[in-house]
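Trainee: I am new to this structure. May I see it, and then ask about it piece by piece?

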Amino acid sequence: MYHFLPAPVGTENFDCIRATGVCSNQSIIDASFGPGLSSDITDGCIPTENYTNWYAIKVSAGGKIGFNLIPNTTSDDYDFALYGPYPNCGALGSPIRCSYAANWASFPNTGMNSTLNASTNTGTGNNGSDLTEGADGNGFTDELAVNTGETYLVVISKWSPGGNGFALNWNLTDGASLDCDLPLPVELLTFNAEPENSSSV
Ligand SMILES: [Ca+2]
Ligand SMILES: [Ca+2]
Ligand SMILES: [Ca+2]
């Protein structure tokens, strides 16, 4: 059952600068009705935004982060890309984790989970451990090791229209925790612009 689609008003997390903060080992219920006001993806395995939701991460204790995205409708094809550390919405560059897997009929879920990446065999040469994958992937990449203070941005991109939504289940391990009292994502620009040690140059 479709919702009728409102025009974007620039308050949703459909754009990078309005990313939703991720707080913890939580499940986020979300959906997207369009690409929002801007398409911030310029490079990498997802060529452009289709129907997107953005999330911002600030690491308060290092460890590993992963997630499992479960579509509410298994015939929906969701892809994702993760940028950082210290990404800039205006110049995202190439993601360090990305799945553009297209075989939703066999592998409807997607995410960063090393165990599921290793155990989900597509029969198309998937070697069970990758950081990014194209259309013949198994939906999963390996998890990401993170350090205290780092920031990241994640985009979930749905291939086709129809905002039936998903559950985005975060999985923090090895001591990782997140700070969702994070600055507005636009301030990620400031973090990116400050040199760590300006006296050394
Ligand atoms: Ca957008
Ligand atoms: Ca996919
Ligand atoms: Ca894979």
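Trainee: In which loop is the place of D174?

Mentor: The model is a predicted one. Its strands are numbered from the N terminus. D174 has its place in the loop between β12 and β13 (177-178).

Trainee: What is phi of D174 near?

Mentor: Most residues other than glycine have a negative phi. D174 is a residue other than glycine with a positive value, and its phi is near 55 degrees.

Trainee: How exposed is Y86?

Mentor: Y86 also lies in the loop between β5 and β6, and its phi is near 60 degrees, a positive value. Buried takes 20 or more other C-beta atoms within 10 Å, and exposed takes 12 or fewer. Y86 has 16, so Y86 is partly exposed.

Trainee: How many residues has the largest nonpolar core?

Mentor: Strands that each supply at least two residues of this core include β3 (51-61) and β11 (151-158). Among the residues with the most contacts inside the core are I57 and F80, and the core has 42 residues.

Trainee: Which residues does I57 touch?

Mentor: Residues up to four places away in sequence are not counted. That leaves V22, T151, Y152, V154 and L178.

Conventions. Residues numbered from 1 in each chain as written. Chains lettered and ligands numbered in written order. Predicted model: local features only at pLDDT ≥ 70, side-chain atom pairs only at ≥ 80, totals over all residues. Core = buried A, V, L, I, M, F, W, Y, C linked by C-beta atoms within 7 Å. Helix = DSSP H or I, 4+ residues; strand = E, 2+ residues; numbered from the N terminus. Contact = placed C-beta atoms within 7 Å.
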